[in-house]
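Open the coordinates and keep the sequence beside them. The walk below goes from the whole chain to single residues.

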Amino acid sequence: MIIYRYLSREILLTMLAVSTTLLLIIMSGRFVKYLADAAAGKIAVDVLFAIMAYRLPGFLELIIPLGFLIAILLAYGRLHMDSEMVVLSACGMSQRQLLVITAVPGVLVAVLIGAMSLWVSPWGAAQTELLFAEQASRSEFTMLRSGHFQKLNGGRQVTYVETVSHNNSQLNNLFVAQVGGADQLPAVSLAQRGNQIVHPEFGERYLELHDGVRYQGRPGAADFQVTEFERLGQHIPEPSVADSFAVEADARDTLTLLADGSVQSQAAIQWRLSMPILVLVVTVLAVPLSRTSPRQGRFMKMLPAIILYLLYVAALSTVRSAVEEGKFPPLPGLWLVHLCFFALAVLLFTGPGKLLSAVRGTR
């Protein structure tokens, strides 16, 4: 019992440290991407941390299994380096007993990942999609930023604003260029200031420009119209409804996917169940990969183990895409990948010679 607590504590504490480090690295990169989108006016700054919080369970699904693998390698590698594993072997602990002890925290981690994969991550993905849909359906007026040329109305209008008030209620020194359609001439408007108004009769939103000039006509033609105005209204298209966004399979709850029965839903279900299975297979893989000697060092097998994990995840992702596209049957689907890597784990754990002898003995 003392040995079990000692080994479990070493693994779990190391996993916590490694997973935290990996999470900070990955989330920092993703935060920079979202920050760039906020700087470009695609999303509001005040929803950045909410998006990162909702994406957190999805990140942890893949980070924690990798952190668990590295934790076993580091913890058991140190025990091999300090000859503690030699002492445990001399006291009668076999590799099979070591695997059983390692499987206990492995099962706990698998249950945690399973809960995230089946319930928490889909909820977070749905909330993230809803936030992005709300940001996409914002009024284009609220997306204007000072000192930037921005495309509005599906790219048919380019707007430049020198300064914007803190609450986006007033724009100063505007440039608005509109691409003409089949029955409309291109136009360029310059105004000293502008603000958003709602028509009292029709309830439509307009960008009201004040004290400016409007040039309308086709480039190369001589029939330009120049209009000076004190007040000019331009219609602002209504944003799309946020509730009509298409929910992807990853954002649907598990019960909905089970009731759906489509190929995409089956692939999503298999992916969610694959996450806890991944932890259990990684546990069997990590124990033989952690065997090392003082000459080799504790980091000798770190790179091969990480490469194996990345290949494992890449194979699962590739097969899932193939199942969704109809290029691979839902059965065996992702289970074939788990079977192959579990067979590799058993081969590494028992050794080719022992496995061959066991097979001959059964005959």
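Helices (H or I, at least four residues) and strands (E, at least two) are DSSP runs, numbered from the N terminus. This is a predicted model, in which local features need pLDDT of at least 70 and side-chain atom pairs count only at pLDDT 80 or more, while totals for chains, interfaces and linings use all residues. Residues are numbered from 1 along each chain as its sequence is written, and side-chain values use heavy atoms, with hydrogens and water left out.

Start with the whole protein. It has nine helices and six strands. Of its 363 residues, 40% are buried. Buried means under 20% relative accessible area, exposed means over 50%, and partly exposed is in between (1.4 Å probe, protein chains only). The accessible surface is about 19800 Å², and carbon and sulfur atoms hold 64% of it. Those areas come from the Shrake-Rupley method with a 1.4 Å probe; for residues, only the protein chains shown count as cover. Now take contacts, meaning heavy atoms within 4.5 Å. Among those between residues at least 6 apart in sequence, 61% join residues at least 24 apart.

Next, the interior. A nonpolar core is a set of buried Ala, Val, Leu, Ile, Met, Phe, Trp, Tyr and Cys residues joined through side-chain atoms within 4.5 Å. The largest one has 65 residues, and Leu69 and Tyr76 have the most contacts inside it. Two or more residues come from each of helix H1 (2-39), helix H2 (48-81), helix H3 (84-90), helix H4 (95-136), H6, helix H7 (302-324) and helix H8 (335-350). H2 gives the most, with 18 residues. Beyond its neighbours within four places in sequence, Leu69 is in contact with Val282, Ala286, Ala305 and Tyr309. Another core lies apart from this one; it has seven residues, including Leu171, Leu174, Ala191 and Leu207.

How do H1 and H2 cross? Their axes come within 5 Å, at roughly 145°. Axes are lines fitted to C-alpha atoms, for helices over the stretch in contact, and angles run from 0 to 180 degrees between N-to-C directions. The residues of this contact divide into 31 nonpolar, three polar and four charged. Here Ala, Val, Leu, Ile, Met, Phe, Trp, Tyr, Cys and Pro count as nonpolar, Asp, Glu, Lys and Arg as charged, and the others, Gly among them, as polar.

Two buried residues follow. Thr283 is in helix H6 (residues 263-289). Its relative accessibility is 2%, so Thr283 counts as buried. Leaving out residues up to four places away in sequence, Thr283 touches Phe68, Ile72, Leu99, Thr102, Ala103 and Gly106. Ser290 sits in the loop between H6 and H7. Ser290 is buried because its relative accessible area is 4%. The C-alpha atoms of Ser290 and Arg78 are 9.2 Å apart, across 212 residues of chain.

Finish with the backbone. Which peptide bond is cis, with omega near 10°? The one from Leu331 to Pro332. Pro332 lies in the loop between H7 and H8. Asn173, in strand E3 (residues 171-178), has a positive phi near 55° although it is not glycine. Asn173 is partly exposed because its relative accessibility is 37%. Asp211 lies in strand E5 (residues 205-216). Asp211 is not a glycine either, and its phi is positive, about 55°. At 33% relative accessible area, Asp211 is partly exposed.
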